[in-house]
Amino acid sequence: MIRFTNVHMTYAGGNEALKNINLHIAQGAMAFVSGRSGAGKSTLLRLIALIDRHTRGQIIINGQNLERVRDQRIPLFRRNIGFMFQDHRLLVDRTVFDNVALPLVIAGYRYQDVRKRVQAALDKVGLLHKANSNPVALSGGEQQRVGVARAVVHRPALLLADEPTGNLDPALSWDTMKLFEQFNQVGVTVLIASHDLDLIKRMHKRIITLRQGRLLTNAADIGQS
Amino acid sequence: MDEIKRRFSTWALQHAQAFVFSLGQLIRNPFGNLLTVAVIGISLALPTGFYILLENARQVVTGWDSSVQITLFLKYEIDDDSAQGLAHRLEQDPAIAMAGFISKAEALAEYQRLSGFEEALRVLGENPLPSVLVIRPGVTIATPDENEQLLARLRQLPEVDSAQFDRQWVKRLFALLDIIKRFVIILSSLLAIAVLLIIGNTIRLAIYNKRQEIEITKLFGATDAFIQRPFLYSGFWYGAGGGLIAWLLITISLRLLMQPVSVLSELYASDFQLISLSAKNILSLMTCGVTLGLLGSWVSVHKHLREIDPS
């Protein structure tokens with residue numbers, strides 16, 4: 001699903017964010033990227049999502065060589081990915097339903113399908129009864145769960161989450177991680193960047209550790225766990 | 001074939017969504033958007049109003065042009081009585097609506113008043129001016145050709161020394177109207193640019209206000225076309241709203257003018273009616289508004305949307 005071969009990433013200012021990364025994450029796996037702030041966790045996710053382009057090496061995502069994905073094709077490429085953020089990034093000028101529907105509306109689904117899928121996703125995160133609320137009216141944990149619903153509503157092959165539990169207390173963090181695990185169990189490849197080592201150790205999944213742009217633990221490739 | 005059909009229906013669906021969505025967004029912030037639309041409306045109403053006034057002026061002048069006057073200078077030896085007799089005879093002619101008589105004395109008085117040659121005329125002692133008949137061709141006669149024929153016929157009369165159309169001032173008026181017309185065109189162009197700038201700037205602000213939304217939609221795979229669509233439709237709505245307000249403003253203004261104009265035209269014994277916006281005028285006004293709206297937002301979107309990338 002994700003294969004990095006000798007990947008380097010140097011930002012325009014000369015900051016070498018990633019150095020010679022070799023990495024393989026199999027389809028259907030769930031893995032964590034850990035490391036301190038500035039170790040390159042976010043950069044790794046940004047390269048996968050084609051927010052930035054790597055400067056050297058080769059990245060293959062879902063069978064696609066990212067160098068061959070031209071700028072105009074980036075939108076289509078991204079429709080196979082779901083995103084989660086630390087600061088949930090919900091749009092506060094519309095309802096929870098409309099927020100979750102966004103990836104489907106972008107992809108041009110018909111309203112009947114949109115409604116069915118949004119309801120299913122909200123049901124899955126336990127917020128169906130809040131569909132017509134404004135995100136501002138929800139608690140932090142609920143907002144984060146809406147973010148999860150939005151990330152999976154279009155059934156992406158790959159789910160990327162950048163510090164999804166950064167603002168949550170331990171209990172809610174655990175719930176959120178368990179939610180990710182459930183999606184992983186139905187076949188979604190999940191890659192989560194997190195610095196909460198205690199939490200991710202308890203999940204018993206593969207942990208990829210970055211330090212100053214280098215891969216620290218490059219354990220054997222992990223397939224279906 | 002099915003693939004093409006599916007793509008087209010997706011495309012149509014997304015357009016419909018953006019169309020309605022952009023209107024909803026505008027309605028959600030009624031005060032600010034109403035101000036923008038009002039400014040656009042006034043900018044569109046000014047040139048349209050001038051245009052309508054010009055059209056009305058042209059209508060009045062066209063009326064005058066067909067009722068152009070012919071001035072008959074009679075031979076000097078024709079006295080006032082026989083001149084008056086001639087005037088009566090001419091009025092029987094179906095081609096002539098009216099024959100006004102100006103006696104030698106009246107002509108002199110008028111000439112003295114207008115020319116400033118008062119002293120010179122007094123030295124002359126005797127009135128050198130002939131009697132004059134002012135002929136207005138009959139209403140049934142409209143074409144310039146027929147007017148020319150009438151002029152030729154009147155020249156043949158034994159009492160007539162010379163005959164000429166009295167239309168110099170009409171030509172001057174037409175020249176003046178041409179200048180005003182050009183002024184209206186210049187004013188329209190300037191105000192069209194103003195509308196473009198207003199809409200462009202409004203859309204620019206909207207883009208910056210929606211920075212987060214644009215970033216998120218880009219992350220979830222929205223194409224540039226998808227992202228810019230609601231902004232383009234906002235431009236459409238601004239232009240259409242501006243056109244509607246301009247229409248409203250002009251209709252109200254013409255209503256207010258209607259009564260005094262009809263009083264004035266009654267004083268001139270004319271059946272002149274103020275022309276209001278025709279269906280065609282309204283259509284072109286709306287088309288102008290919508291085109292300017294789309295163009296302004298298109299320029300703005302293409303300049304500013306590129307600057308926003310997900311982070």
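Predicted model: local features only at pLDDT ≥ 70, side-chain atom pairs only at ≥ 80, totals over all residues.
Two strands count as paired when DSSP finds at least two bridges between them.

Take strands β1 (residues 69–74) and β3 (residues 132–137) of chain B: they run antiparallel and are joined over 4 bridges. Zooming in on individual residues, B:F73 has B:V132 of β3(B) as its bridge partner. These strands belong to an open sheet of 4 strands in chain B, lined up in the order β2-β3-β1-β4 with antiparallel pairing. At the edges sit β2 (96–102) and β4 (160–166) of chain B, each of which pairs on one side only. Going from one strand to the next, the twist averages 20°. The sheet also has a helix packed on it: α3 of chain B, residues 80–92, touches β1, β2 and β3 of chain B. The direction of α3(B) makes about 170° with that of β2(B).

Is A:T189 buried or exposed? A residue needs 20 or more other C-beta atoms within 10 Å of its own to be buried, and A:T189 has 23 such neighbours, so A:T189 counts as buried. As for who these contacts are, leaving out residues up to four places away in sequence, A:T189 touches A:M1, A:I25, A:Q27, A:G28 and A:A29, along with A:A157, A:L158 and A:L159. Finally, A:A151 lies 38 residues from A:T189 in sequence, and the two are 12 Å apart in space, going from C-alpha to C-alpha.

Key. Residues numbered from 1 in each chain as written. Chains lettered and ligands numbered in written order. Helix = DSSP H or I, 4+ residues; strand = E, 2+ residues; numbered from the N terminus. Axes fitted to C-alpha atoms, helices over the stretch in contact; angles between N-to-C directions. Contact = placed C-beta atoms within 7 Å. Buried ≥ 20, exposed ≤ 12 C-beta atoms within 10 Å, placed from the backbone.
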